[in-house]
Structures are given as C-alpha cells and as structure tokens.
Amino acid sequence: MRAIQRRAAAAATTSSSRQQSSLLAAWVPGHRNGVGFSFVAVRRCSSDSLIDCSKVQARLDAYGGVGAFAAQPIKKGEVVERGVVRRLPVDGNDCAYVFTWSPDRSVWASGSGCSVFYNASLAGTPNTEMARYFDEDKFEIIASRDIAENEELTHLYKSLEWRACFKELKAIRDRMLASAEVAKPVELVSGSPVVVDCSKVYAKKDAFGGVGAYAKVPIKKGELVERGIVRRLPVD
C-alpha cells in the first residue's frame, strides 16, 4: 500500500484548461483476489465539478426499470462518470441501493448522478468498474473496454457473493454461468426520456467544508434546473 501511495504522490500532473489527470490510490472491488477490495493505483481526472455524469444517460429499459446507458462512445480506460457519496445509516446486506463503502463491509453509501442505476453484469462481462476513494467520499467509474453509444453500462457486483439482498440476483447469475447462457443486451425503450439531467449544475466544496450545488450556466426564472429520480431507502 505504501508503495502505491508513494507512486501516487510522485506522479506528475498533466493539466489542460479545465481538466487534469493524476495517479492516485483507490479501492477497487476484487481487483486482484476476486473478493472484497484491493488498494491499487488509478489515474484520476479532476475538474471544477465534483460530479460529472455528462457521458451517461439514465433511461427506462426494456424491462420496466431504469438503467445507465452511454450518451456517447467511450474508450477503454476513460472516466465514464465521477461523483460523491453520502454515507447512510442503513444495512447494505438488506438494502440493494447502496454501495459498500469500507474494506471491512461495515459502511454503506449512496452515490450521486447516475451511479446507482448501473445494473449488474450477470454474465461476468461488465464494461465499467468503480474506483472508490473512501477517505474522500468520492468515486470514479472507469470504462474497462470500449463502449458504444447507447450501450448499457454495467458493473460487476462483487457483493453478490455475500449480500442477502442480492440472493435472487446471485441465483440468476449462477444459473446463467452454469448453463453458459449468453446475456442479451438490455435495450432502451424507444423514445424514452432521459430521467436524470444535472447538466446545468455543478458541485464543489463550499466555504463550510461541505459540498454545495452551483449554477453552471445562467438560468431563467421558471426554467428547469435539474431533474432526476430517487431510490427509496429504509432510513428514519
């Protein structure tokens, strides 16, 4: 871990007018041993906003749910989405709509943007993976291969192996793997609207040490600032 941290600290930063890329250390699910988390070096992009899901569209899928789809072609290794999380007093073993947010699986959090709408790759062939910066409560979702426009964006849910809320999903996955069944690509509902749009807003650290929302463009009275959908969580 220390060697990775030294590499991250010593890495040169290449900057453009508004964006730069640097080598940092992050927790990636099952990166080496297939279980839990591994501490690895990743190249993280940064810009003015803590949240950027401009390459992603959350839209209705053919099964009546909501999925995340590529709004444009995305190259392997490119950051698909970045954002922040809120830690929540829920048990992720029972609630499917939160991320594991500690190496010991005792902390849970909900992510910004479209992050909570990436479905599982039951065939074991996801096109993204999440780099989690636990200490900063930030994440980046990175393309693990080239992704076509309108292709569904999927994660490998490593927590399928231990979370009770994923028991049925795990059974479907195991059945598919045992029968060598090929998962059919999830298709968009023709003409379905984009259900998450925060393109007029950016998030940054505020003067009080928290995170605030700010206007990215001039917005007229009565104009739609942002739209989205929610996940209902068992929080009091």
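Me: How many nonpolar, polar and charged residues are in the lining of the second largest pocket?
Reply: In this predicted model, the lining of the second largest pocket divides by class into 16 nonpolar, 7 polar and 8 charged residues.

Me: OK, and what volume does the second largest pocket have?
Reply: Its volume comes to about 730 Å³. There are 31 residues lining the second largest pocket, and those closest to its centre are Ile51, Val84, Gly111, Ser112 and Gly113.

Me: Which elements give two or more residues to that lining?
Reply: Those elements are strand E6 (79-87), E8, strand E13 (201-205) and strand E14 (211-215).

Me: And which one gives the largest share?
Reply: That is E13, which contributes 4 residues to the lining of the second largest pocket.

Me: Switching to backbone angles, what is the phi of Arg105?
Reply: Arg105 is not a glycine, yet its phi is positive, at about 65°. Arg105 sits in the loop that runs between strand E7 (99-100) and strand E8 (108-111).

Me: Is Arg105 buried or exposed, or partly exposed?
Reply: Arg105 counts as partly exposed because its relative accessible area is 31%, and the partly exposed class lies between the buried limit of 20% and the exposed limit of 50%.

Me: Where is Asp137 found, and what about its phi?
Reply: Asp137 belongs to the loop between strand E10 (128-133) and strand E11 (138-143), and its phi is near 55°, a positive value in a residue other than glycine.

Me: Why is Asp137 called partly exposed?
Reply: Asp137 has a relative accessible area of 21%, and buried would require a value under 20%, so Asp137 falls into the partly exposed class.

Note on methods. Residues are numbered from 1 along each chain as its sequence is written. This is a predicted model: local features need pLDDT of at least 70, side-chain atom pairs count only at pLDDT 80 or more; totals for chains, interfaces and linings use all residues. Side-chain values use heavy atoms; hydrogens and water are left out. Buried means under 20% relative accessible area, exposed over 50%, partly exposed in between (1.4 Å probe, protein chains only). On a 1 Å grid over the protein atoms alone, a cavity is a set of points where a 1.4 Å probe fits but cannot get out, and a pocket is an open set with protein on both sides within 12 Å along at least five of seven lines; lining residues have an atom within 4 Å of a point. Grid points are joined across faces, edges and corners, and a volume is the space filled by probe spheres set on the points. Ala, Val, Leu, Ile, Met, Phe, Trp, Tyr, Cys and Pro count as nonpolar, Asp, Glu, Lys and Arg as charged, and the others, Gly among them, as polar.
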